[in-house]
Amino acid sequence: MTIGLPAGPAHPAAGTPGTVPGLVNDDVVAAVRRYLEGGGPLSVADGTGVIGELERRLEELLSVRNVLTFSSGTGALHGGYLALDLPRGSEVIAPVLGFHASVTPALHCGLNVALVDVDPETGTMSPGALRAAITRQVRCVVVVHYLGHPAEMGEIAAICREHDLLLVEDCSHAYLSTLRGRPVGTFGDVAAWSMQARKTLSAGEGGFLATPDRAFFERAVLAGHYRGRSHAQVTDPALARLAETGLGLKYRLHPLAAVIALAGAEKLQAGVEHRQRLLGRLSSRLAEASRIVPPVVRADVSMGGWFSYRPAAPGLADADLARFLEALRATGVPAHLPEVGPLDAEPLFREPVPLLAATGTWRPRLCGPFDGARAYQRGRLSVTVTDADDEARMDAYAAAFATVSTAG
Ligand SMILES: Cc1ncc(COP(=O)(O)O)c(C=O)c1O
């Protein structure tokens, strides 16, 4: 059976490296060409030029302060944890659903992790599970605004204040998402974004952090940006003495990556609005299909870039879901299983790591049962929707879902 899908762009197979529709377009090519032909430097050590330009642009677009770019989101999170300067052996609480790099950089700061459950509908950290996991060892919480849905920041920030815990926001999935009108990235002590190729704003590879606290910013500079930038921006005399070497790590963003991100930044708002229109329409059409539950978006939330679109067929067990997906794909819907599973299944979080770097401090505490994560994942699938898609295509996808779900 095939549904009459309108002619549209070919969708790359999920996970194919480098095949990100929309990332390389005429504007990006022209911007890179202009930069190279204009003799722009290919290494910027002091945060000026195109690096500073991107950082100011991000502050403006995302309503955040003290942006510092990094060579990846993982690097930005490493710089962020180093900046928090937590005692060795203390713990960071992280959601079991998300991406490992929200918390694995903490391993390299001598910290440990406690994984907690998520809300079964949104996949974001459960405030109740967070509260239950707090011990005297815990000094920090990292939330992930999962797939673009803001975490429950009102309650989570209140718990952090009550227990004197630092709060990190991983906003990699949530460019321009808001909670009760307040942008993500403005609730915590440090926020981090990835600009990896598949993110809403992309540099190919890259990342950045933002913090309201100038002391955290300066420590993050010292952590990953030695010499030029540390000499220029680290003012605390005790730390400024280290400026020549910093803490020995080098996490600069490549200037061409900054040029690519700046070109993308020009279209970020319009791209996000287009995506919201398409996915909002797909959700309302899917709600009419039996057995399909569109992704839950709470009433006080705006999804921003909506990193990945994941409806669920919760009534389908694994084998049935595979058959359902196969039938859906046969109609031309680019659906696939989500690639990243819960962290408690990963050996890094459940087995001793046979390397000295992790010895003594990295002993993940799994604060299960993870019923919320299991419920969120049941029957969950992912549909690739790109900038080049349109409303007619969303309607055709919804019709295909309806037909396949009633046929099964
Ligand atoms: C939620 C989240 N945090 C952090 C990262 C790490 O970012 P990067 O790949 O830029 O290091 C990713 C990347 O996929 C992510 O999805």
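Which of the 14 residues around the ligand come nearest? In this predicted model, Ser72, Gly73, Thr74, Phe99 and Ser194 come nearest among the 14 residues around the ligand. By residue class, the shell around the ligand comprises three nonpolar, 10 polar and one charged.

**Helix packing**

Two packed helices are described by the angle between their axes and the distance between the axes. Helix H3, residues 73–84, packs with helix H6, residues 214–224, at an angle of about 120 degrees, and their axes are 8 Å apart. H3 is therefore oblique to H6. The crossing of these two helices, H3 and H6, is right-handed. On the H3 side, the contact is made by Gly75, Gly79, Gly80, Leu82, Ala83 and Leu84, while H6 contributes Phe216, Arg219, Ala220, Ala223 and Gly224. The residues of the contact of H3 with H6 fall into six nonpolar, four polar and one charged.

The composition of the two residue sets is tabulated below.

**Sheet**

Strands of a sheet pair through backbone hydrogen bonds, either parallel or antiparallel. Here, three strands in the order E7-E6-E10 form an open sheet with antiparallel pairing. Strand E7 (182–183) and strand E10 (301–302) are the edge strands, each pairing on one side only. Strand E6, residues 178–179, is joined to E7 by two bridges, and these strands run antiparallel. Thr178 stands opposite Pro183 in E7.

Methods. Residues are numbered from 1 along each chain as its sequence is written. This is a predicted model: local features need pLDDT of at least 70, side-chain atom pairs count only at pLDDT 80 or more; totals for chains, interfaces and linings use all residues. Axes are lines fitted to C-alpha atoms, for helices over the stretch in contact, and angles run from 0 to 180 degrees between N-to-C directions. Helices (H or I, at least four residues) and strands (E, at least two) are DSSP runs, numbered from the N terminus. Angles under 35 degrees count as roughly parallel, over 145 as roughly antiparallel, 65 to 115 as roughly perpendicular and the rest as oblique. A crossing is left-handed if the near helix is turned anticlockwise from the far one by less than a right angle, and right-handed if clockwise. Two residues are in contact if their C-beta atoms, placed from the backbone, lie within 7 Å. Ala, Val, Leu, Ile, Met, Phe, Trp, Tyr, Cys and Pro count as nonpolar, Asp, Glu, Lys and Arg as charged, and the others, Gly among them, as polar. Two strands pair if DSSP finds at least two bridges between them. A residue is near a molecule or strand if its C-beta atom, placed from the backbone, lies within 6 Å of it.
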